[in-house]
Amino acid sequence: MPELPEVETTCNGISKHLLNKTVAEVIIRQPKLRWPVPARLKKELPGCKIISVKRRAKYILIATKTGTLILHLGMSGSLRIVKASTPFDKHDHFDLVLKNGQCLRLHDPRRFGAVLWTQKPVLEHKLLSKLGPEPLSSEFTANAIFKQSRNRKVNIKQFIMNAHIVVGVGNIYASEALFLAGIHPRKTAGSISLPRFKKLVKSIKQVLTAAIKQGGTTLKDFTQSDGKPGYFQQQLNVYGRKNQPCLVCKKLISHCVLGQRATYYCTHCQK
Ligand SMILES: [Zn+2]
């Protein structure tokens, strides 16, 4: 699943190809994505100039003066820039064709992605309005989540994966950040001290920053025909390493399921 670092890198990668370009045509080959792709895009977007390309959580927001296109990559989506004349694949569901002959193409085999359109201020859209802070912003602090965690009985892993608390901490990054912070994933959120939250917030920022940096070097060009973003290859300390030795203490990495998600940790390094 594309996680925040992949979406950030995608957003940066497509931005330079889209900014200040005018939309010529919208092609919807498959309207049945996570939500129906609004047919009115075909009428309302052509002629519009793209004025910004931004990310909020895992949504890519492509703004014009008349409205904002909201894209989400879902479980298996990817975006690339191709010539509009490039033959389309079975899973290429949506094209945003530009006047310069280039096109932003959404590929999504599992169709959990989204293409939506709003003419209201985009951050007030129901999918975005209740989201917690961006993990790499100055609003995401240990003090803030420490306060929010008091009396919370949920385990810390699910707590940091809750988009109302902070956005973009996906399953892999949650396991990795908890390992770096030395916190056991089953620990009750409300029982964690402020100094430990400080370590955790620092670790979350650290793993995401490293992944984005890695992504920037992995995905240099969104115009390659095979340039489909996948998982970034990166050094993982615990995720996917069940029964392999901990890189710090050599004890075997444990595995459990929390909130239906695979969870990896070291019982020696994480308390
Ligand atoms: Zn260990």
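Begin by selecting Asn 151, which lies just after helix H3 and takes a positive phi of about 65°. The structure on the screen is a predicted model.

Next, step back to helix H3 itself, residues 142-149. Select Ile 145, Phe 146 and Ser 149, the buried residues of this helix. Turn the view until it runs down the axis of H3: the buried residues fall within an arc of 110°, so they line one face of the helix. Which exposed residues does the face turned away from the buried side carry? Select Asn 143 and Lys 147 to see them there.

Now colour the chain by its domain assignment, with residues 4-124 as domain 1 and residues 142-265 as domain 2. The centres of the two domains, taken over C-alpha atoms, are separated by 29 Å.

Move on to the open sheet, and select strands S2, S3, S4 and S8, which follow one another in that order with antiparallel pairing. Strand S2 (50-56) and strand S8 (114-118) stand at the edges; each has a single partner strand, so one side of each is left without a neighbour in the sheet. On average, neighbouring strands here are turned by 20° against each other, direction ignored.

Strands of a sheet pair through backbone hydrogen bonds, either parallel or antiparallel. For an antiparallel example, select S2 together with S3 (residues 59-64), which pair over six bridges. Within this pairing, Lys 54 has Leu 61 in S3 as its bridge partner.

Finally, select helix H1, residues 4-18, which packs on the sheet and touches S2 and S3. The direction of H1 makes about 175° with that of S2.

Methods:
Residues are numbered from 1 along each chain as its sequence is written. This is a predicted model: local features need pLDDT of at least 70, side-chain atom pairs count only at pLDDT 80 or more; totals for chains, interfaces and linings use all residues. Two strands pair if DSSP finds at least two bridges between them. Helices (H or I, at least four residues) and strands (E, at least two) are DSSP runs, numbered from the N terminus. Axes are lines fitted to C-alpha atoms, for helices over the stretch in contact, and angles run from 0 to 180 degrees between N-to-C directions. Two residues are in contact if their C-beta atoms, placed from the backbone, lie within 7 Å. Domain bounds come from an automatic or database domain assignment. A residue is buried if 20 or more other C-beta atoms lie within 10 Å of its own, exposed if 12 or fewer, and partly exposed in between; C-beta atoms are placed from the backbone. The arc is that of the directions from the helix axis to the C-beta atoms.
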